[in-house]
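User: I'd like to learn how to read a two-chain model. Can you walk me through it feature by feature?

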Amino acid sequence: MSEPVTLNRRRVLNLGIAGAGAAALTPALAAAQTPDPLIVEKQEWTQYLGEGVNAKPYGVPSKFEKEVVRREVEWLTASRQSSVSFTPLHALDGIITPNGLCFVRHHGGEAEIDPAKHRFMINGMVDKPLVFTMEDVKRMPGRVNRVYFLECAANSGMEWRGAQLNGCQFTHGMIHNVVYTGVPLKAFLNEAGVSPKGKWVLAEGADASAMTRSIPLEKAMDDCLVAWAMNGEALRPEQGYPLRLVVPGWEGNMWVKWLRRVEVGDQPWAQREETSKYTDLLADGRSRQHTFLMDAKSVVTNPSPQAPLKSKGPNVLSGVAWSGRGTIKRVDVSMDGGRNWRTARIEGPNFPRAMARFYVDFDWNGQELMLQSRAMDDSGYVQPTKDELRKYRGSNSIYHNNGIQTWLVRPDGSAENVEVS
Amino acid sequence: MSKSAKAIAIVALTALMPVPASAADKVGLGRVALPEEIKAWDIDVRPDGVGLPDGKGSVSDGEALFQTKCSSCHGEFGEGAGRWPVLAGGQGSLKSDRPEKTIGSFWPYTSTVYDYIHRAMPFGEAQSLSPDETYALTAYLMNLNDLVPSDFVLSKENFPKNLPNEKNFYDDDRETTEKAFWKKDPCMANCKERVEITNHARILDVTPDDQKDDKDQKPSAGVE
């Protein structure tokens, strides 16, 4: 990228909102040569009646949006039942992920459970082990609604050794952000009466992997939820219908789906998903365990490899940021690979441990861009570069890769996953 | 498990006593879980052996079981068929560019082997193995990882706690070791002299949409 262009860019950015300052760069409004047939000719949708109100009793997206779907990378895993599909982040806006687009990670396929046959048990070091039906669960006082992100600890895991997958759906799509309806787990634990010796809980799913994770009792009694609804409707089967655990800010694997049991104990259970998996192997051969918390992270979703720039002139850069430590306080964006930064506009609701949406309105004159975003949370944590992360961890960690992503945008508008010095 | 059973017995006794004041805080939803119900679901085993059922199994019984129930995916010697998980080997590889994390090279505790096999394997027919079969399979996997001799018989009584790599695990310390990531004022202008592209995704060409002719190209790290 030649120096003058960079200066040019900086000038535009320094002027703030692209409009006024960019006037000199903005081409004069295009003039049409011939009338647009879409305007001057009658269209069939204007002339003829469409479908009745209940043609689709459960509404689906427009047929023109059929590319906006979860996708998988078949060769990542040996089996589709223990595999992952990715959220199409590049095609979404706002902060809420639609239920049907929330990424899916199973370890034993999707359990389909009749809620009438679901039971939720609290046992272990409690005064009184209890069993609840779904009806009991929903009668529990203290119902809450909370927006939280859920990120798989392996999100961006393929990128530790360098840029690999060309699209933010695949590099960052193991995340979703929805509003949960449920009751604090604490209510159920109190009902059973936790022994003063209790220090940990084990959450267990009813699926064919009987997924289990140990969670410190302190977290269980703090903000964990037992949830049955997402975005206002029942959980989707692939998200744990009829009941899942919500563990705000902590890695997705702990949010046990098809939740059937919570056991209280005085030490962790060292289950497969907290020893063989979800531990972070460092360069010196040692491994961190119990790395539950998801650090602050962000990504530019537009433009990105699956969402190239189409026109010069005014454009909107968009992205998402989140932190398991709290609320996103600021997101900076660089268009020159991290040399210069400007603070993006965080727009819309911004809850703790939830995704925030950010925008930068900018003017593109066709030059090469190297886009990056850098999230900061209210704990003061600043999203590191990938090289900074590797300095501490090496590149064998698989999990917890929250390094800054770079998209190279070429003069033709196409974008590519790259790493920069 | 036994602890819960004891808890039940205590509950049965206390049920006859006067209602304690704190019971007033209870909503009274749900019902008491029966010991049989707890036994059916509470199958977890901890590193200290809590939760291990009575029973035993030999390496040789484990080998026979493994060849019929497990080797189609995990390979005859736990080496993993195709992309299915590798269960043995990898010792000494953890610092290399391609670490192989197996029971012998990576896992911290033996109990996890028992617990996981009993809970989730064979894949597609979970919780079909008896305690004796699970002990035998655990013994065979320990033998494949050079941890016990081939005439070894594993039981609740001689169940070992730690695996060789246990000493290399430690609790999350990001808040101290990665303190540098909490910065007051991140740089905003002229943060570096030059920016060079060090690596392109396209070179690896593993993007799903372009994968037609490189289906067998593995990414350098998988989803786990």
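Analyst: Start with strands. This is a predicted model. Strand S5 (residues 130-133) of chain A pairs with S1(B) in the antiparallel sense, over 2 bridges. That pairing crosses from one chain to the other.

User: Which residue is the bridge partner of A:Leu130 in S1(B)?

Analyst: B:Val32 is the partner of A:Leu130.

User: How many bridges link strand S4 of chain A to S5(A), and in what sense do they pair?

Analyst: Strand S4 (residues 119-124) of chain A is joined to S5(A) by 4 bridges, in the antiparallel sense. Within this pair, A:Arg119 stands opposite A:Thr133.

User: Which strands form the open sheet of 3 strands?

Analyst: The order is S14(A)-S15(A)-S4(B), again with mixed pairing. Strand S14 (280-281) of chain A and S4 of chain B are the edge strands, each pairing on one side only.

User: Do strand S15 of chain A and S4(B) run parallel or antiparallel?

Analyst: Parallel: 3 bridges join strand S15 (residues 287-289) of chain A to S4(B). A:Ser287 stands opposite B:Phe169 there.

User: Now the interface. What area is buried between chain B and chain A?

Analyst: The size of an interface is often given as the accessible area lost when the parts come together. Here the buried area is about 9100 Å². Carbon and sulfur atoms give 53% of that. By residue, 88 of chain B are in contact with 115 of chain A.

User: How many salt bridges and polar contacts does the rule find across the interface?

Analyst: The rule finds 10 salt bridges between chain B and chain A. It also finds 49 residue pairs in polar contact, both residues at pLDDT 80 or more. The elements giving two or more residues to the chain B side include helix H1 (2-14), strand S1 (31-32), helix H5 (110-120) and strand S4 (169-171) of chain B. By class, that side has 42 nonpolar, 17 polar and 29 charged residues.

User: Which residue forms a salt bridge with B:Asp42?

Analyst: A:Arg261 does, with the closest N and O atoms 3.6 Å apart. Over all chains, the structure holds 38 salt bridges. One of them joins the side chains of A:Asp387 and A:Arg390, at 2.9 Å from N to O. Both residues lie in helix H9 (residues 386-393) of chain A, 3 residues apart, about one turn of the helix.

User: Where is the disulfide, and why is it left-handed?

Analyst: A disulfide is a covalent bond between the sulfur atoms of two cysteines. The structure holds 1 over all chains. B:Cys187 is joined to B:Cys191, with S to S at 2.1 Å. The torsion about the S-S bond of B:Cys187 and B:Cys191 is about -100 degrees, so the disulfide is left-handed.

User: What should I check in the backbone?

Analyst: Look at omega, then phi. A cis peptide bond joins A:Tyr241 and A:Pro242, with omega about 10 degrees. A:Pro242 sits in the loop between strand S11 (233-234) and strand S12 (244-246) of chain A. Another cis peptide bond joins A:Asn302 and A:Pro303, with omega about -5 degrees. A:Pro303 lies in the loop between strand S16 (297-302) and strand S17 (313-322) of chain A.

User: What is phi of A:Arg353?

Analyst: Phi is near 55 degrees, a positive value in a residue other than glycine. A:Arg353 lies in the loop between strand S20 (345-347) and strand S21 (356-364) of chain A.

Technical notes: Residues are numbered from 1 along each chain as its sequence is written. Chains are lettered from A and ligands numbered from 1 in the order in which they are written. This is a predicted model: local features need pLDDT of at least 70, side-chain atom pairs count only at pLDDT 80 or more; totals for chains, interfaces and linings use all residues. Side-chain values use heavy atoms; hydrogens and water are left out. Contact means heavy atoms within 4.5 Å. Buried area is the accessible area (1.4 Å probe) that two parts lose on being put together, summed over both. A salt bridge is a side-chain nitrogen of Lys or Arg within 4 Å of a carboxyl oxygen of Asp or Glu. A polar contact is a pair of N or O atoms within 3.5 Å; within protein, one must be able to donate a hydrogen and the other to accept it, and residues adjacent in sequence count only if both atoms are side-chain atoms. Ala, Val, Leu, Ile, Met, Phe, Trp, Tyr, Cys and Pro count as nonpolar, Asp, Glu, Lys and Arg as charged, and the others, Gly among them, as polar. Two strands pair if DSSP finds at least two bridges between them. A disulfide is a pair of cysteine sulfur atoms within 2.5 Å.
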